[in-house]
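Dear colleague,

I am handing over the structure below, and my notes on what was found in it follow directly after. Please read them with the model open beside you.

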Amino acid sequence: MTPPPDGFTTAPLAGALAAGDPAGVAVIGRDGATTLGALLTDARRVAAAVAAAVPPGRPVAVLAPQDAAGIAAILGCLLSGRLAMLLTPNDPPGRCAAILADAMPAALLSGAALAAAALGGVAHIDLAAVLAGPDAAHWRPDVGHDPDAAAVVHFTSGSSGTPKGIVLSLRTVLYRSWSTIDDLGLRRGDALLAATLPAMGSGLAFLLAALLSGARYLAVNLAQQGATALLTLARETPADVAALAPPILRTLCRLGGAPAAFAGLRMLRIGAAGLAQADLDLFRGVLPRDCAISHTYASTEALIAAQWLVPPGYVAAGPLLPVGVPAADHHYRLLGADGREVAPGEIGEYVASSRHMAMGE
């Protein structure tokens, strides 16, 4: 990976976003196109409202739709300097309510309909009312900028028990965003299609990567809108780069509209613990012949641990492809039960460390 430009992971997010073209289209979804200027205007409204309602040092939960308003909500919470706890709008209300009861944020920022089912006694900041309120162009943060302070909480699936809240610093979030820009070759004017919602770690990285590179972010909630809506959006605004998990891509590739929707794709990011050779063969049969494929192995806690560009025509030695080359700026060890590094060929526990990983739970 090419090292990030000076200041990319340490400068305030507001300045980095404001350096883009305010008249350029930043988000495209079912509610139309939204310029970067309009998005940042709404994000400042949110930041001012959150700062007024949530004391410094206290977290604010965000339960936002996958559209321009929801993206402005997430950006506004980040700009406010409060710890943003990102909830997924696709989750059952009971899960959201349980997370709120366990994490105890100072407030929940969301639309009224989403909040009614999930609040559980938490103070509510109505997103629609905030966005309809006065302009906040002159608002300034009331907390100092610290790139290593806790900035975002992503919640795991909870498949092994209670969902874990994984805390990331802004430095870590921006580092992953730069890794996405660099790995996928994102450039101004590109259209980026990602099925992962910004409430998830990879989804937030895709969103910020698009905004910070001058690309257009195609906003679609696959669970709510369906596969046909995703393919329609990708066809109407031809996607240059896409980030899709194997189960989603497997479904899309079996639909009749997939070849037309992906006809302009030059890069596909696949994130998975294991990419099957059979899936790779299926994807190659639908994607353009010159579309490059980037495979990553990642987690909410460790972010991207390994990645590589799968060479054209590559065939794995077994049913699964390798996960790739260890990420830059990380230190890795394979340890045995005694805590010592294992010999080549032996099985061990994979231990990674970096300042660009999660801060903890």
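Helices (H or I, at least four residues) and strands (E, at least two) are DSSP runs, numbered from the N terminus. This is a predicted model, in which local features need pLDDT of at least 70 and side-chain atom pairs count only at pLDDT 80 or more, whereas totals for chains, interfaces and linings use all residues. Residues are numbered from 1 along each chain as its sequence is written, and side-chain values use heavy atoms, with hydrogens and water left out.

Leaving aside residues up to four places away in sequence, Phe8 touches Leu174, Trp178, Ile181 and Leu212, where contact means heavy atoms within 4.5 Å. The C-alpha atoms of Phe8 and Trp178 are separated by 7.9 Å, although the two residues are 170 apart along the chain.

Helix α7 (residues 170-184) packs against helix α8 (residues 201-213) at an angle of about 65°, with the axes 8 Å apart; axes are lines fitted to C-alpha atoms, for helices over the stretch in contact, and angles run from 0 to 180 degrees between N-to-C directions. The contact includes Leu174 and Ile181 of α7 and Leu212 of α8.

Finally, strand β1 (residues 25-29) pairs with β2 in the antiparallel sense over 4 bridges (pairing requires that DSSP finds at least two bridges between two strands), and Ile28 stands opposite Ala33 in β2.

Best regards
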